[in-house]
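Please examine the sequence and the structure shown below before reading the notes that follow.

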Amino acid sequence: MGLFQAISNWQTERYQRHVSRMQALDKCPDCRGRGFINVLSFDYAMPYECPGCNGSGSYSDWENSRD
Ligand SMILES: [Zn+2]
């Protein structure tokens, strides 16, 4: 297993842990339940409706929007 593969496995594992933690809290993993994500644009952060949950911030909406 190469270094890149090892890093990529570690990131996947970390992401899956994050998803299951958010599932327990019923929060969207993409925006952590806030309903929006900050998109860095030039020197300020612009709130942008989360595409994962369509702004609801709930885990079930995030899960339904996947496939
Ligand atoms: Zn979201």
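The briefing below covers the metal site, the cysteines, the salt bridge and the surface patch.

This is a predicted model, in which local features need pLDDT of at least 70 and side-chain atom pairs count only at pLDDT 80 or more, whereas totals for chains, interfaces and linings use all residues. Residues are numbered from 1 along each chain as its sequence is written, and side-chain values use heavy atoms, with hydrogens and water left out.

**Zinc site**

- Four protein donors, Cys28 (SG), Cys31 (SG), Cys50 (SG) and Cys53 (SG), lie 2.2 to 2.3 Å from the zinc ion; donors are N, O and S atoms within 2.8 Å of the metal (3.2 Å for Na, K and Ca).
- The site is tetrahedral, with angles of 103 to 116 degrees among the four donor atoms; four donors count as tetrahedral if all angles lie between 85 and 135 degrees.
- The spacing of the donor residues in sequence is C-x2-C-x18-C-x2-C.
- Cys28 lies in the loop between helix H1 (3-24) and S1, and Cys53 in the loop between S2 and helix H2 (59-64), so the pair ties together parts that are 25 residues apart in sequence. Helices (H or I, at least four residues) and strands (E, at least two) are DSSP runs, numbered from the N terminus.

- Cys28 is buried at 0% relative accessible area, Cys50 is buried at 1%, and Cys53 is buried at 2%.
- Buried means under 20% relative accessible area, exposed over 50%, and partly exposed in between (1.4 Å probe, protein chains only).
- Zero disulfides are found in a search of the whole structure; a disulfide is a pair of cysteine sulfur atoms within 2.5 Å.

**Salt bridge**

- The whole structure holds one salt bridge, a term for a side-chain nitrogen of Lys or Arg within 4 Å of a carboxyl oxygen of Asp or Glu.
- Glu13 and Arg17 form a salt bridge, and their closest N and O atoms are 3.5 Å apart.
- These residues are four apart in helix H1, which means that about one helical turn separates Glu13 and Arg17.
- Glu13 is partly exposed at 45% relative accessible area, and Arg17 is partly exposed at 47%.

**Nonpolar patch**

- Val39, Phe42, Tyr44, Met46 and Tyr48 form a nonpolar surface patch with about 570 Å² of accessible area together.
- Such patches are made of residues with over 30% relative accessible area and no salt bridge, with nonpolar side chains (Val, Leu, Ile, Met, Phe, Trp, Tyr) joined within 5 Å and like charges within 9 Å; accessible areas come from the Shrake-Rupley method with a 1.4 Å probe, and for residues only the protein chains shown count as cover.
- Strand S2 (residues 44-49) supplies the largest share of the patch, three residues.
- Val39 is found in strand S1 (residues 36-41) and is partly exposed at 32% relative accessible area.

Key. Four donors count as tetrahedral if all angles lie between 85 and 135 degrees; four count as square planar and six as octahedral if opposite donors are over 155 degrees apart and all others between 65 and 115; anything else is irregular.
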